[in-house]
Amino acid sequence: MWKEIEAAPADAILGLTEAFKKDPNPAKVNLGVGVFKDDEGNTPILNCIKAAERKLVETETTKGYLPISGNPAYAANVQNLLFGPDSEVIASGRAATIHSPGGTGALRVGADLLKKFKPEATVWVSTPTWANHKGIFTAAGFAINDYPYYRPATKDVDFDAMVGALEAVPAGDIVLMHVCCHNPTGVDLLPEQWDRVVAIAGEKGWTPFLDFAYQGFGAGIEEDRAAVDKFVAAGVDFLIASSFSKNFGLYNERTGALTVVAPTAAEAAVAMSHIKATVRVNYSNPPAHGGLAAGMVLEDAALYDQWIGEVADMRDRIKAMRVALVDGLAARGVEQDFSFIKEQNGMFSFSGLSNEIVAWLKENKAIYIVGGGRINVAGLTTANIDYVCDSIAEALKA
């Protein structure tokens, strides 16, 4: 059946990684794929997770299926992180949370759920956004539109244009937003800007869908959920797709969650019934191991404190590499101002490098960067930072 069918194009990011793996250049550097790297260039298993897994192996008694929505304790742990353990939304029971296969799984379950009840809605995404966002919602059957977000000339949020677009989004449509550590730009909204966005959502009646993949990688676990708190206080219906891939390093365990927040507990219960029906025809039950390990960390005071420290170490390393890149380019006499990179949050940065420079770096220096100039700052290490700075400086002066 495949003889007359053309091969699908490679994923823009994962395809870049495949090309990187095949490159024989010993100096090659991958600044494309979105995973955390330590200073040795490895994606580590957190020590708190290692400890939890040892305990899990010793105490686990079954490999039986989890419930469709996942372990209830896992959902409680997720909600504590999203809202804080003393949050009104938890006390009132107006949030429904399921364990999904990663943040991507959460987005897709949420998309399928919304498509069932908002079949004519359009999904609005920021310009730019994570490359897979449009694919996920298109596959669920939605039309996609864009709202302005990043302003390349000034390397910041074009907030006036963003507000103008959001005020024109029809009631019933869906607006996808990054809570923190915006992927791919690294540029986040200010608190007062979030206040305006939340107010618009309430006034205009569109549904916010929050992508929260990097809690803890911005300013801290509690600080990074500030936008979530604002939507909770507004009393509007909204969804959150969250992930433990980055802040727990559980990439291959596919440990995420979808949370629906409703005005009342009764409405949240209705939402949960339909989320379960959506999951049942997708994958039936979530994977257990990552959620069980993360749960042990979140429920054990000593392991929790260790986790907070390890997240801080990852966050600090990323910030240190931002400084090293900016200072390294300046020290090499690069005239272009890259200081804005220091002000961005999370793993990613819209570096300001043109597609021509990106292609030159790949061809001549085996430095792999996603088209548009997005770099994963965590791919920089003390061993490769000089090579990367030398190469970029050479490319810009060529």
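Which residues in α2 meet which residues in α12? Before selecting them, note that this is a predicted model, in which local features need pLDDT of at least 70 and side-chain atom pairs count only at pLDDT 80 or more, while totals for chains, interfaces and linings use all residues. Residues are numbered from 1 along each chain as its sequence is written, and side-chain values use heavy atoms, with hydrogens and water left out.

**First stop: α2 and α12**

Select helix α2, residues 47-59, bearing in mind that helices (H or I, at least four residues) and strands (E, at least two) are DSSP runs numbered from the N terminus. Asn-47, Cys-48, Ala-51 and Ala-52 in α2 meet Leu-303, Gln-306, Trp-307 and Glu-310 in α12, where contact means heavy atoms within 4.5 Å. By class, this contact has five nonpolar, two polar and one charged residues; Ala, Val, Leu, Ile, Met, Phe, Trp, Tyr, Cys and Pro count as nonpolar, Asp, Glu, Lys and Arg as charged, and the others, Gly among them, as polar. The two axes come within 8 Å and cross at roughly 150°, axes being lines fitted to C-alpha atoms, for helices over the stretch in contact, with angles from 0 to 180 degrees between N-to-C directions. The helices α2 and α12 are therefore roughly antiparallel, a term for angles over 145 degrees.

**Second stop: the sheet**

Next, colour the seven strands of the open sheet, whose order is β2-β10-β9-β8-β7-β3-β4 and whose pairing is mixed; two strands pair if DSSP finds at least two bridges between them. At the edges lie β2 (95-101) and β4 (143-148), each pairing on one side only. Strand β3 (residues 122-127) runs parallel to β4 and is joined to it by six bridges, with Ser-126 having Tyr-147 as its bridge partner in β4.

In β8 itself (residues 207-212), six of the six residues are buried, so the strand is largely enclosed by the rest of the structure; buried means under 20% relative accessible area with a 1.4 Å probe, protein chains only. Thr-207, Phe-209 and Asp-211 point one way from β8, whereas Pro-208, Leu-210 and Phe-212 point the other way.

**Last stop: α14**

Finally, select helix α14 (residues 385-397). Its buried residues, including Ile-385, Val-388 and Cys-389, pack against β1 (29-30), α12 (301-331), α13 (355-365) and β12 (367-368).

Methods. The expected span of a helix is 1.5 Å times one less than its number of residues. Buried means under 20% relative accessible area, exposed over 50%, partly exposed in between (1.4 Å probe, protein chains only). Angles under 35 degrees count as roughly parallel, over 145 as roughly antiparallel, 65 to 115 as roughly perpendicular and the rest as oblique.
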